[in-house]
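Visitor: New one on the screen. Walk me through it, please.

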Amino acid sequence: MKQSEVEIQSNRRSFLKKGALAAGATVVGAGLIGGGKVAFGQGRGGLTKGDTAILRFLAAAELIETDFWVQYAELGGVTQEAQNPYQLALQNLDPDGSQYISSNTLDEQSHADFLNAYLGIFKA
């Protein structure tokens, strides 16, 4: 490795260390300046209309994202039948691709279910 390459890698590491330290200080500082504000209904006995609107928007986005992943899982997810040409090609790129698609589909469904259950607890 040339001297200039060593300096570049050293500078990159130094930058990352300083950046992580600055980010940590910013988070701590923001917590102190924030005056102990709470999020999403904590300490107030319920959600505000704004909290509810944000969570409904996120729940809707998760449902749309879930629909996309369900369709993708139908094309490339894990199946009990013989694999289709897309799944076979995907196996060449990533042997775990079909499992990733199926697992991510379940994750997205759980995100939507969680948000909707949370909204069901706090009726605004």
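Guide: A term first: contact means heavy atoms within 4.5 Å. This is a predicted model, so local features need pLDDT of at least 70 and side-chain atom pairs count only at pLDDT 80 or more, while totals for chains, interfaces and linings use all residues. Numbering starts from 1 along each chain as its sequence is written, and side-chain values use heavy atoms, with hydrogens and water left out.

Visitor: Fine. What does Thr105 touch, skipping residues up to four places away in sequence?

Guide: Trp69, Val70 and Ala73. Thr105 itself belongs to helix 4. Helices here are DSSP runs (H or I, at least four residues; strands are E, at least two), numbered from the N terminus.

Visitor: Is Thr105 buried or exposed?

Guide: Buried, because its relative accessible area is 6%. The cut-offs: buried is under 20%, exposed is over 50%, partly exposed is in between (1.4 Å probe, protein chains only).

Visitor: Back up a step. How many helices and strands does the protein chain have?

Guide: There are 4 helices and 0 strands. Along the sequence, the pattern reads α-α-α-α.

Visitor: And how much of the protein chain is buried?

Guide: Buried residues are 20% of the 124 in the protein chain.

Visitor: Packing next. At what angle do helix 2 and helix 3 cross?

Guide: Roughly 90°, with their axes coming within 7 Å. Helix 2 covers residues 49-76, and helix 3 covers residues 85-93. Axes are lines fitted to C-alpha atoms, for helices over the stretch in contact; angles run from 0 to 180 degrees between N-to-C directions.

Visitor: Which residues make that contact?

Guide: Helix 2 brings Tyr72, Leu75 and Gly76. Helix 3 brings Tyr86, Gln87 and Leu90.

Visitor: Now helix 3 against helix 4. How do the axes cross?

Guide: At roughly 110°, and the axes come within 8 Å. From helix 3, the contact uses Gln87, Leu90 and Gln91. From helix 4, it uses Gly97, Ser98 and Ile101. Note Gln87 and Leu90: both are also listed in the contact between helix 2 and helix 3.

Visitor: Which residues form the largest nonpolar core?

Guide: It has 5 residues: Leu47, Leu55, Ala59, Leu115 and Leu119. A nonpolar core is a set of buried Ala, Val, Leu, Ile, Met, Phe, Trp, Tyr and Cys residues joined through side-chain atoms within 4.5 Å. Helix 2 and helix 4 (97-121) are the elements giving two or more residues to this core.

Visitor: Switching to Arg56. Where is it?

Guide: Arg56 sits in helix 2. Arg56 counts as exposed, because its relative accessible area is 52%.

Visitor: How far is Arg56 from Leu115?

Guide: Their C-alpha atoms are 7.9 Å apart. Along the chain, the gap is 59 residues. Leu115 is also one of the core residues.

Visitor: Last one, Gln99. Which helix holds it?

Guide: Helix 4. Gln99 has 44% relative accessibility, so it counts as partly exposed.

Visitor: And what separates Gln99 from Gly77?

Guide: In sequence, 22 residues; in space, 6.3 Å from C-alpha to C-alpha.
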